[in-house]
Every structure is written in C-alpha cells, then in structure tokens.
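Dear colleague,

Please find below the structure that I am handing over to you.

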Amino acid sequence: MFKGPYILVYSLAFLMILSPPIYVLFLEARPAPAEKVAITTTTIIWDMVRNVAGPSWRVEYLVEPGKDPHSFEPTPREAVKLSQARVVFYNGLGIDRWLLKMAESAPGVRLVRVTEGLDQFILTVPDGPYAGKPDPHLWMDVRLAVKYVERIRDALIELDLENSGEYSARASEYIKRLEELDAWIEDRVSGIDPSKRLLFTQENAFQYFARRYGFKVEGYFYSIITELEPSPLDLSRAYRRVEGSGLCVFFIESTLSPRAMEVFASRAGGRVAGRLYTDSIGPLNSGEDSYIGMMRYNVETIVSELNRWCGV
Ligand SMILES: [Zn+2]
C-alpha cells in the first residue's frame, strides 16, 4: 500500500541523475512558502492590513481597485494567490461570500473575518433580497474601522507573537490617525444643517456613515445586492421618497455604472453629483488610494456638492 510514494521518490531520483534541468524545473514550479503573505478580499481591508503589518509582510488584495466586490467572480489566478497565503482577511456579512467557497481548496490558510465580534454595531438591510440580513458596510463609520484594525492587529500578533510589539505600535499609530479622521469628518459636516444632511446613493452603503455623522439616507437604487437592477416598483417608491424631501443631489459610486442614476436624477429633477468611494479605495497613486484618502474625498465631495446645489 506504500508503493506509490516510493515509486515517486525513485522516479524523481532517476530524473535528478539523468536530467538535472527537469529536476530544477520541478522545484521551481512549487509554490513559494507562505511565510508572511497576507491576502485581503477588498482594497479597503488591504490598506488597513498593510498599515498594521508593516514591510515584513507581503499584502495583496483579490478585488482590484474600482471593481465591485459584491459581484466579483474569482478566477484561477485568485485561487493561486490564495493558496500561497498564510492568512486571509475578509469582511464577511455577504460582501465577499465567494471567498469561503474559494477557501475550501486552500485548507491550510488562516481566515480572519474583520467584522467578527462586532454584533452590537451591526445594522440590517431594510429591504430587497437581503432584507433583515446584516449590512456589510461597517467601515463607512470610522469608529468601526478602528475595530477592524484592532482585529487585524490581534490576528497578526497570534500569527507572529515574536513581533507583537511592532504590530501593537503600528496599530496604535494608525488608530490615532483614524481618530483624527473621525474628528475631522464630524467637524467638516458640522457646517451643514442636520435637516439638510440627506443622501441618495446608488447602493444602500451609507447606513453606518449616516448613523455616525448625523445624515439621513433618503434613498438608493440597490439594496445591497448590486447585480439586480431596481424594479419599476422600486423606482416608483424612490420617486415618491424624493418628492418633497428637499433632496437635490444624487451621488454615484466608483464601482458601479452611473447610467440608471443619471436617468433617475433627470426625471426626478435633481443633479448627479460627484462619485463616492464605498466598496473600494480610489485608483492607485491617486490621493484616494487609501482608506483615509477615500473617506476624506467622500466627505469633501458630499459637503461641497450639498453646498453647491442645495444651498446648505
Ligand atoms: Zn457595497
């Protein structure tokens, strides 16, 4: 019953004697050891992990910047990436559900859900196919992003206890910057009268943001699941919500096509305002290619567009 491995060893030894170049090729084809390789599903989590992990880790994302993680379909390329990782950080709550299927074929990889333990903060989706399920967009509230970073720090310490001091120091420094961001957002939106803090976005991704910074989500096209176009009934409900609400700008999002929103806004008599980042950071090497950069950009866009078109 142990013949198989022996035959393999003898065959390899034979190859080594007769044909060294084939042996070298065989070794080179093996995946590199997964020492300090971390993979993330979204670019937002990627940015948080690289801030805490530091230069000794290689940190890569699966969903490219500007792409929609909800509708992402992994290819063999992503499966290879995953198999070489030591740890994968994912959001959970549906937005990257494809990861769990992928992970079945990489059993040695440690999975860390960054929303784990945040149950008391989680909001539910009000309608659509995910009604009553958790809303995955917790990072839109910077205080909850801090919780993500704490979870990332703890996971890295568990994996590499020897360098725990380094991860704690990096996390503290990054959390300090996030707390400054949170205070800056509060200050920046304080100039807008609370009754004018209205949002109409493509995806219903701003519930956490609205709760934290005193906005009201007046409407949206997609109730979390972005693959489904809104039905005529959804649209007529949205028109009714807009009528008499004082809403005058409609925001589009970087990972979604703006067409439906443009048609809706022209019929509803409002303006299509700037593009916001929700499920991805901005393009690499732009000022918005980090979590902090994207949130600052979003807030500047929301404040300036409300000021410009709604006279707040
Ligand atoms: Zn989303």
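**Around D279**

Leaving out residues up to four places away in sequence, D279 touches T42, D68, P69, H70, A205 and T255; two residues are in contact if their C-beta atoms, placed from the backbone, lie within 7 Å. Please note that this is a predicted model, in which local features need pLDDT of at least 70 and side-chain atom pairs count only at pLDDT 80 or more, while totals for chains, interfaces and linings use all residues. Residues are numbered from 1 along each chain as its sequence is written.

D279 is placed in the loop between β8 (271-276) and α11 (291-310). Helices (H or I, at least four residues) and strands (E, at least two) are DSSP runs, numbered from the N terminus. Is D279 buried or exposed? D279 is buried, because 28 other C-beta atoms lie within 10 Å. A residue is buried if 20 or more other C-beta atoms lie within 10 Å of its own, exposed if 12 or fewer, and partly exposed in between, with C-beta atoms placed from the backbone. Although D279 and P69 are 210 residues apart along the chain, their C-alpha atoms are separated by 6.9 Å.

**The chain as a whole**

The chain contains 11 helices and 8 strands. Of its 312 residues, 38% count as buried. Among contacts between residues at least 6 apart in sequence, 57% join residues at least 24 apart.

**An open sheet**

Strands of a sheet pair through backbone hydrogen bonds, either parallel or antiparallel. Here, an open sheet of 4 strands has the order β2-β1-β3-β4, with parallel pairing; two strands pair if DSSP finds at least two bridges between them. At the edges stand β2 (58-61) and β4 (110-113), each with a single partner strand, so one side of each has no neighbour in the sheet. From one strand to the next, the twist averages 20 degrees. Strand β3 (residues 87-90) pairs with β4 in the parallel sense over 4 bridges, and V88 has L111 in β4 as its bridge partner.

The axes of helix α3 (residues 43-53) and helix α6 (residues 142-159) come within 10 Å and cross at roughly 50 degrees. Axes are lines fitted to C-alpha atoms, for helices over the stretch in contact, and angles run from 0 to 180 degrees between N-to-C directions. This angle makes α3 oblique to α6: angles under 35 degrees count as roughly parallel, over 145 as roughly antiparallel, 65 to 115 as roughly perpendicular and the rest as oblique. M48, V49, V52 and A53 of α3 make the contact with Y148, V149, I152, R153 and L156 of α6.

**Two residues with positive phi**

Most residues other than glycine have a negative phi. L93, which is not a glycine, has a positive phi of about 65 degrees. L93 lies in the loop between β3 and α5 (98-103) and is buried, with 20 other C-beta atoms within 10 Å. N285 is not a glycine either, and has a positive phi of about 70 degrees. N285 lies in the loop between β8 and α11, and counts as exposed because it has 6 C-beta neighbours inside 10 Å.

Yours sincerely
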